[in-house]
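Here are my notes on the model you sent over. Have the structure open while you read, and take the points in any order you like.

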Amino acid sequence: MCIRDRSCSCFGLVKRELPRQLVIAAGGVYNKLDRIRRERVEMDRNKQAARVSWVTLAGNLILTGLKLVIGLATGSLVVLSDAVHSASDSLSTILVIFGLYIARQPPDEKHPYGHSRAETIVAKIIALTLIFIGLNFAYSAVRVIWLGDHTIPGVSALWISIISVVSKEIMYRYTVKTADKLDSPALKADAWHHRSDALSSVAAVLGVFAARLGYPIFDPLMAIVVAAIIVKVGWNMVFVVIDELMDAQVDTETVGEIEKIILGVSEVCTLADLKVHKYGAEHHVHFTITVPPELTVVECHALSHKIKERIRQEFASVSHVDMHIEPDHFPESD
């Protein structure tokens, strides 16, 4: 073979190999940049969530102490029940802080998908705690009514209940706003714990007010209302958490938006078996697509990165995208 023929052959080899090497290199750079981007997003997310949790924890501890002192001093069962509820709220916030710490740990050999589901576990613990506390409140109130051991609480019990309503509603709005922004199940559960505490304080206001008007039985009756509210909130939360732990499909609106993104890529012919489920505050996406059969492996590799990038541009919470690529049709053999 002459030198010219060898040069042409080498040039052809370089011409074929260069695009493939560029695509592989670009894929490696994309993976590294995407990992850095997700780490930064997760770090910022954890800072925001932790800030909310610490602020509400301080507020809950102050309210718990005030309610406990005034409840014991005035003999109001509904205020004491509300104090225990606020104490459980403090406990749930501590669990949220712990859950967020676990959730932000990077994937390891035993947990290759990360630890985000720690938030879901914390949400379930909070929900079950609410149900237990509510049932305990109801038992105590029924026992007081049965024994006829009624007391007329002092005016301070009325004021602390009013302060609690305002404070807990502010905590709820502050927490749920961040929870919706970060899509955090643990923060959302904690927010509803605040709301249930606000509602129980409303019942406490009514019970104390009626008792001071000369109807002391309303104090334990409103304690039963408080218990029912707490159990209802916990019960609803349990089913939401169960769905997530069982990898239930997310809402149809989110699935539809992801479907539009995938089918909006020109190389994609069809889409099938699209599944989207929550993993703590993250989302995992699985699907099968068909592409023109003439696409090479290298081109399909580049296409997979293109689709992942477009999905994550719209949904920053998507941490895993698993796709199966098939040819749209098989070429007829000669």
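1. The protein exposes about 18,300 Å², with 65% of that supplied by carbon and sulfur atoms; the areas are Shrake-Rupley values with a 1.4 Å probe, and for residues only the protein chains shown count as cover.

2. **What you're looking at.** This is a predicted model, where local features need pLDDT of at least 70 and side-chain atom pairs count only at pLDDT 80 or more, while totals for chains, interfaces and linings use all residues. Residues are numbered from 1 along each chain as its sequence is written, and side-chain values use heavy atoms, leaving out hydrogens and water.

3. **Layout.** I get 8 helices and 3 strands, counted as DSSP runs numbered from the N terminus (helices: H or I, at least four residues; strands: E, at least two). From the N terminus the order is α-α-α-α-α-α-α-β-β-α-β. Take contacts (heavy atoms within 4.5 Å) between residues at least 6 apart in sequence: 76% of them join residues at least 24 apart.

4. **The helix 4/helix 5 pair.** The axes of helix 4 (residues 155-182) and helix 5 (residues 185-212) come within 7 Å and cross at roughly 160 degrees. Axes here are lines fitted to C-alpha atoms, for helices over the stretch in contact, with angles from 0 to 180 degrees between N-to-C directions. The two helices are therefore roughly antiparallel, a label for angles over 145 degrees.

5. The 3 strands form an open sheet in the order 1-2-3, with mixed pairing; strands pair if DSSP finds at least two bridges between them. Strand 1 (270-279) and strand 3 (318-327) are the edges, each pairing on one side only. Strand 2 (residues 282-291) pairs with strand 3 in the parallel sense over 9 bridges, and Phe 287 has Met 323 in strand 3 as its bridge partner. Helix 7 (residues 252-263) lies across strand 1 and strand 2, at about 135 degrees to strand 1.

6. **Two backbone spots to check.** Most residues other than glycine have a negative phi. Asp 247 has a positive phi of about 55 degrees; it is in the loop between helix 6 (218-245) and helix 7, and is partly exposed because its relative accessibility is 38%. Asp 273 also has a positive phi of about 55 degrees, but this residue is found in strand 1.

Definitions and conventions: Parallel < 35°, antiparallel > 145°, perpendicular 65-115°, else oblique. Buried < 20%, exposed > 50% of the residue type's maximum accessible area, 1.4 Å probe, protein only.
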